[in-house]
Amino acid sequence: MAQTFAHKNVLITAGPTQEAIDPVRYISNHSSGKMGYALAEAFLHQGANVFLISGPTCLNLQHTRLQVVKVKTAFEMYMGCCRFFGQADIIVFAAAVADYRPANVAQQKIKKQGDEFTIRMVKNIDIARELGAVKKPQQIAVGFALETNDEIEHAVGKLATKNFDMIVLNLMNDQQATFGYDTNKITIIKRDRQEIEFPLKPKTEVAHDILNEIALIMQTRKAYSKLWQLN
């Protein structure tokens, strides 16, 4: 197997985050982490060193070139990313990070009272945006977008605001491309607005499609670098 990413350091986020309400309840989402873990495994097969910052999942992956950091909250995921970001050649933001968290976490279990219950929420740190602001020109950043309307428009917007080199749009118009399935259906959008659509596939195959597009970005950069040197 070609070792396209040999000696490359790859930082990947995967899975959901959990934001506590009280000691027994939390706010989260349906992310299984399967896509992020499939990406980690694909990079490992192609020779990369992988730093996997994983939210709570039932998945397990072991490899001599893999370092897994288990986290729960968005802030913990951000701190895990900061730990490895400086040495990463490629960063893939595949996690489904909670946008908001409860403003106050109850120290004791909240008892049932009345017919309504309100939680005041505050915004979490936007990990991809924060790291995108300090991304070095030689680093490649890949984002994910899961949209339910105006999919392309929202994904393209994230390309610019988060300084991504390409974004993977998850398409939920297929029943088997939603959270928890072993399959996924994606469209990859690059900075030049090139859109590449893929059919429904197992996430292990989707991971290799994504790696192939990252490899093309690497090749293009290498070619441009050689041209500059010649000039």
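Buried here means under 20% relative accessible area, exposed over 50% and partly exposed in between, with a 1.4 Å probe and protein chains only. The views show a predicted model, in which local features need pLDDT of at least 70 and side-chain atom pairs count only at pLDDT 80 or more, while totals for chains, interfaces and linings use all residues. Residues are numbered from 1 along each chain as its sequence is written, and side-chain values use heavy atoms, with hydrogens and water left out.

**View 1. The salt bridge of Asp 22 and Arg 25.** A salt bridge is a side-chain nitrogen of Lys or Arg within 4 Å of a carboxyl oxygen of Asp or Glu, and here the N to O distance is 2.5 Å. Asp 22 is buried, at 2% relative accessibility, whereas Arg 25 is partly exposed, at 34%.

**View 2. The salt bridge of Lys 34 and Asp 182.** The closest N and O atoms of this pair are 2.8 Å apart. Asp 182 counts as exposed, with 52% relative accessibility, and Lys 34 as partly exposed, with 24%.

**View 3. Strand S12 and its partners S10 and S13.** All 5 of the 5 residues of S12 are buried, so this strand is largely enclosed by the rest of the structure. Ile 186, Ile 188 and Lys 190 point one way from S12, and Thr 187 and Ile 189 the other way. Strands count as paired if DSSP finds at least two bridges between them; S12 pairs in the antiparallel sense with S10 over 5 bridges and with S13 (residues 195-197) over 3 bridges. Thr 187 stands opposite Leu 169 and has Glu 197 as its bridge partner in S13. The hairpin formed by S12 and S13 has 4 residues between the strands, and Arg 193 in the turn has a positive phi of about 70°.

**View 4. The largest nonpolar core, with 37 residues.** Such a core is a set of buried Ala, Val, Leu, Ile, Met, Phe, Trp, Tyr and Cys residues joined through side-chain atoms within 4.5 Å. Among the elements that give two or more residues to this core are helix H1 (34-45), strand S12 (186-190) and helix H5 (203-230). Ile 214, one of the residues with the most contacts inside the core, touches residues including Phe 5, Phe 43 and Val 92 (contact meaning heavy atoms within 4.5 Å), not counting residues up to four places away in sequence.
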